[in-house]
Amino acid sequence: MELEERFYKALFKGQLNTATEILREGLGDYGEDFYSYYTLMEGLHSGLNPESYLNTAGLIKASLTAILKKAYRNRDIKMAKQIKELIRIINDFEVEDDIP
């Protein structure tokens, strides 16, 4: 099963931690960079806003955007297209919250 399908199924089931691990394993050389950005952003969010809701999908999207820029810098067009598809998938799952 390809990366996008596995990622979509994990998101559909609401298993965001599993989705994060799928990306970490499936992005090849960019997987560890993705996970480093993800844990950094998660730590910053928890440290700065400990009482607020942790938007895991938003953190995944932000981390994917960071490695997308790296893929473009490296001229890795195939990986950039795959990352853009993953970002599109997560955009489909994001819902605007009415929570202040």
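Residues are termed buried under 20% relative accessible area, exposed over 50%, and partly exposed in between (1.4 Å probe, protein chains only). By this criterion S63 is buried, with a relative accessible area of 0%. The structure is a predicted model, in which local features need pLDDT of at least 70 and side-chain atom pairs count only at pLDDT 80 or more, while totals for chains, interfaces and linings use all residues. Residues are numbered from 1 along each chain as its sequence is written, and side-chain values use heavy atoms, with hydrogens and water left out.

S63 lies in helix α4, where helices are DSSP runs (H or I, at least four residues) numbered from the N terminus. Its side chain reaches the backbone oxygen of L59 at 2.9 Å, a polar contact being a pair of N or O atoms within 3.5 Å; within protein, one must be able to donate a hydrogen and the other to accept it, and residues adjacent in sequence count only if both atoms are side-chain atoms. Not counting residues up to four places away in sequence, S63 touches F34, Y37, Y38 and M41, contact meaning heavy atoms within 4.5 Å.

Helix α3 (residues 31-48) has 18 residues and reaches 26 Å from its first C-alpha to its last, close to the expected 26 Å (1.5 Å times one less than the number of residues). Within α3, G31, F34 and Y38 are buried. These residues lie on the same side of α3 because they cover an arc of only 60 degrees around the axis, as given by the directions from the helix axis to the C-beta atoms. The cover over the buried residues of α3 includes α2 (16-26) and α4 (56-73), whereas the face turned away from the buried side carries the exposed residues G47 and L48.

The largest nonpolar core has 25 residues, and F34 is among those with the most contacts inside it, as are I60, L64 and I83. Such a core is a set of buried Ala, Val, Leu, Ile, Met, Phe, Trp, Tyr and Cys residues joined through side-chain atoms within 4.5 Å. Leaving aside neighbours within four places in sequence, I83 is in contact with L27, L64, I67, L68 and A71.

A search of the whole structure finds three aromatic pairs, defined for rings of Phe, Tyr and Trp (its six-membered ring) with centres within 6.5 Å; planes under 30 degrees apart count as stacked, over 60 as edge-to-face and the rest as tilted. The rings of Y8 and F12, with centres 6.3 Å apart and planes at 15 degrees, are therefore stacked. Ring pairs also link F34, Y35 and Y38 into a cluster.

Methods: Helix = DSSP H or I, 4+ residues; strand = E, 2+ residues; numbered from the N terminus.
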